[in-house]
Amino acid sequence: MRQLIGLSALLLVLCAPPSHAQSRFLFGATGSLSSTSVSGDAPEDASYTSRIGFGFGAVAEYSLTSDIRISMQPSYARRGTGVGYDIGEEELRDSLSLSLDYISIPVMARFLSAGGSWFVNGGFDFGILLDASLEDVNTGSSADVKESVNPFDVMMIVGVGTSIDLNPASLTIELRYGQSLANAGANDQLTAAAGIPVRFRSSGFQLLAAILFPL
């Protein structure tokens, strides 16, 4: 009888669903909208303008403690900028559009509030360049400028967001800022020949939403 009671108790423990608080691993998907530009040397009589981009990918998190998580978010991300020229009018005229496509791998620490309803995070985004193109807005012609851009990029990122409990899943919404730490131009002569400034770095804001499930 005692063995039967013990076996029944063990089965109840094994069959009981794990609670959200006990789960140390979380996995899910994310999507984002971004407003990016570049900083650095602009062409003469021109300024950089922002471009809207997007991204999507996966999220994997590990809970070090109840309020500290390590997060990795491999995803596809499009960044870019416009180049507007001063032609004597009140507003700059957009003439060039630079698009940069990356495999983006943000790795960061996330710090949750006591109730877990909001968080701040920070870390680095490691980017692998997939494609780079420069479009003439006026003619619609486009050129491949991948050889003029460094194949790797590292951004410093910081963010703040909120977490909504959907039991057992959770929905996070985050506003993030990123700034490249290295020059994106791969070769001074190639970059100048392509019509891209020799020294420039990506920067901008991202609005992200992610859904996470405990494993």
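Mentor: Welcome! Residues are numbered from 1 along each chain as its sequence is written, and side-chain values use heavy atoms, leaving out hydrogens and water. As this is a predicted model, local features need pLDDT of at least 70 and side-chain atom pairs count only at pLDDT 80 or more, while totals for chains, interfaces and linings use all residues.

Trainee: What is the average pLDDT of the chain?

Mentor: The chain averages 81, and 76% of the residues score at least 70. pLDDT is the predictor's confidence in each residue, from 0 to 100. Over residues 1-21 it stays under 50.

Trainee: Why is S202 called buried?

Mentor: Buried means under 20% relative accessible area, exposed over 50%, and partly exposed in between (1.4 Å probe, protein chains only). S202 has a relative accessible area of 4%, so it is buried.

Trainee: Which residues does S202 touch?

Mentor: Leaving aside residues up to four places away in sequence, S202 touches S37, V38, R79, L100, M155, G178, Q179 and S180. A contact means heavy atoms within 4.5 Å.

Trainee: And why does W118 count as partly exposed?

Mentor: W118 has 46% relative accessibility, so it counts as partly exposed. This residue lies in strand 7; strands are DSSP runs of E, at least two residues, numbered from the N terminus.

Trainee: Which strand gives the most to the nonpolar patch?

Mentor: Strand 11 does, with 4 residues. S202 lies in that strand too.
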